Amino acid sequence: MTDHLDALRDALPRLGEGVLVTLQLTLGGALVAFVVSVLLGLLSISPAAPLRWLATIVVEFFRGTSLVVQLFWLYYVMPLFGVSWDAVLTGVIALGLNYGAYGAEIVRGSINAVDRGQWEGAKALNMSPLTRMRRIIWPQAWVLMLSGYNNLLVMLIKGTAVALFIGLQDLAYEVDQLRINTTTIFAYGIGLVIYYLFALVFSSGLRQLEKRARRRLGLPARSAHAGAGVAL
């Protein structure tokens, strides 16, 4: 065990660099996923049929194909057409597009879940569609979205491990390097703990954001048990 701890101490700088890469992928991927999910989610409820069809095609394409294959396409195939990015940016875009497609269903479902009386009341006040969405519908749908986004973010954090397929020395890569100098159980046990802490921190942050959004609407807070279920 002493040898393992010595190896872990020596590996800490590299593990720190891997954590930084994973953090970049997580934050960048989450930002892209959020933008993509909102855009596709709103298009999917558009009164214009062509826009709904377009959103459906894009969502089903990215949900129906492998994240790894999408990553390979962006990193290895797109340069053949003159489009290339560095590895971190490629990972961010791949994660954002893939999880953004899943997030689009969260946006669509949350907006549609807002009570129809709210829609009708906003129309009765002669609000424009944009004002109606911004002031009445979106704040209520946002509370519903946050729970789904919480779960999606945890999945995205775990999904960052695919970045090692394009040579990124992220947390998963550095954990595998630690395995060489220790044992499989020890190294991957360390990896499990770090990934769990990552998920716990981000999930807790989104739960706090959800509580704040619920308070602004005068809604009761979710129980701690319900919140813990989302975190897992």
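Helices (H or I, at least four residues) are DSSP runs, numbered from the N terminus. This is a predicted model, where local features need pLDDT of at least 70, side-chain atom pairs count only at pLDDT 80 or more, and totals for chains, interfaces and linings use all residues. Residues are numbered from 1 along each chain as its sequence is written, and side-chain values use heavy atoms, with hydrogens and water left out.

**Exercise 1.** Find which helix gives the most to the lining of the second largest pocket.

*Solution.* Start with the term: a pocket is an open set of points on a 1 Å grid over the protein atoms alone, where a 1.4 Å probe fits, with protein on both sides within 12 Å along at least five of seven lines; lining residues have an atom within 4 Å of a point. Next, list the lining: 14 residues, with Ala30, Phe34, Tyr149, Leu153 and Leu206 nearest the centre. Helix 1 (2-43), helix 6 (129-159) and helix 8 (184-216) each supply at least two residues. Helix 6 gives the most, with six residues.

**Exercise 2.** Work out how helix 3 lies to helix 4: what is the angle class?

*Solution.* Take the axes, lines fitted to C-alpha atoms over the stretch in contact, with angles from 0 to 180 degrees between N-to-C directions. Helix 3 (residues 67-77) and helix 4 (residues 87-113) have axes that come within 9 Å and cross at roughly 140°. Therefore helix 3 is oblique to helix 4. Contact means heavy atoms within 4.5 Å. Among the residues in contact are Leu67 and Leu71 of helix 3 and Ala87 and Ile93 of helix 4.

Conventions:
Parallel < 35°, antiparallel > 145°, perpendicular 65-115°, else oblique.
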